[in-house]
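The sequence and the model come first.

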Amino acid sequence: MRRVPRSLVAMVALCALWLVLIRGYADYLARPLPARALALDGNQPEALVRSAEGALREGKADQAEAYARQALRRHPLEGRALRILGATAELRGDRVAARALMAAAAAATPRDSATQFWLAINALADRDLDTALVKLDRLVRFEPELQQDVFPILATIATNPVGAPAIARFLAANAPWRTRFIEG
């Protein structure tokens, strides 16, 4: 049996160490500096999602979609990437695709507030009050700091003759946010 030269073993070990360090550093940079993280690891999923969100905020829908699709190739159930694809579909005017992608995003990441908020607003637009209230309730339960954004919507619903009985059911069920809503 032939022995493997020590120099070859050392080279393989150094390459493996380099890969671990580069990928680890890319993971570290993914949140604060996604572009730099992608320069180190072009498939770093968090950096891809962050870059997609940034591109969407800048109005670069095609670039956002490309980043989101790349993130989904790496992690098929990345809900934030699905949300970004839903947002780009909505920008293109494809409401059916947007709704399907947002529903998939909510299933993959049920605590993603942007997805839940989109679903709530669109349920209101479709006059589906019960679904909207469930989504808004979920938002306020999971992220109480969103009360300042959600309570004005709930107040508008409460002042509407159609919405008042529906929101009364939530308040009667002693929702954890009930006291703050009534006091506000």
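Helices (H or I, at least four residues) and strands (E, at least two) are taken as DSSP runs and numbered from the N terminus. The model is predicted, so that local features need pLDDT of at least 70 and side-chain atom pairs count only at pLDDT 80 or more, while totals for chains, interfaces and linings use all residues. Residues are numbered from 1 along each chain as its sequence is written, and side-chain values use heavy atoms, with hydrogens and water left out.

**Loop between H2 and H3**

Asparagine 43 is placed in the loop between helix H2 (34–40) and helix H3 (45–57). Its relative accessibility of 36% makes asparagine 43 partly exposed; buried means under 20% relative accessible area, exposed over 50%, and partly exposed in between (1.4 Å probe, protein chains only). Glycine 42 is found in the loop between H2 and H3 and is likewise partly exposed, at 36% relative accessibility. From asparagine 43 to valine 9, 34 residues apart along the chain, the C-alpha separation is 28 Å. For glycine 42 and arginine 2, 40 residues apart along the chain, the C-alpha atoms are separated by 38 Å.

**Aromatic pairs**

A pair of aromatic rings is described by the distance of the centres and the angle of the planes. Rings of Phe, Tyr and Trp (its six-membered ring) pair if their centres lie within 6.5 Å; planes under 30 degrees apart count as stacked, over 60 as edge-to-face and the rest as tilted. The structure holds three aromatic pairs, and the table gives two of these.

| Pair | Centre to centre | Angle between planes | Class |
|---|---|---|---|
| Phenylalanine 151 and tryptophan 177 | 6.1 Å | 50° | tilted |
| Tryptophan 177 and phenylalanine 181 | 5.9 Å | 85° | edge-to-face |

The pair of phenylalanine 151 and tryptophan 177 links distant parts of the chain, 26 residues apart: phenylalanine 151 belongs to helix H9 (residues 147–158), and tryptophan 177 to the loop between helix H10 (163–172) and helix H11 (178–183). Phe151, Trp177 and Phe181 form one aromatic cluster. Are these residues buried or exposed? Phenylalanine 151 is buried, with a relative accessible area of 13%. Tryptophan 177 is buried at 3%, and phenylalanine 181 counts as buried at 12%.

Tryptophan 177 also has a side-chain partner in aspartate 137, through a polar contact of 2.6 Å. A polar contact is a pair of N or O atoms within 3.5 Å; within protein, one must be able to donate a hydrogen and the other to accept it, and residues adjacent in sequence count only if both atoms are side-chain atoms. Aspartate 137 lies in helix H8 (residues 129–142) and is buried, at 10% relative accessibility. Between tryptophan 177 and alanine 26, 151 residues apart in sequence, the C-alpha to C-alpha distance is 40 Å.

**Charge over a ring**

The charged end of arginine 111 sits over the ring of phenylalanine 142, 4.1 Å from its centre. The criterion is NZ of Lys or CZ of Arg within 6 Å of the ring centre and within 35 degrees of the ring normal.

**Backbone angles**

Most residues other than glycine have a negative phi. Arginine 127, by contrast, has a positive phi near 60°. Arginine 127 is located in the loop between helix H7 (113–125) and H8, and is exposed at 79% relative accessibility. Asparagine 174 also has a positive phi, about 60°, although it is not a glycine; asparagine 174 lies in the loop between H10 and H11.

**Lining of the largest pocket**

Arginine 127 is one of the residues that line the largest pocket, others including Ala123, Asp128, Ile157 and Gly163. A pocket is, on a 1 Å grid over the protein atoms alone, an open set of points where a 1.4 Å probe fits, with protein on both sides within 12 Å along at least five of seven lines; lining residues have an atom within 4 Å of a point.
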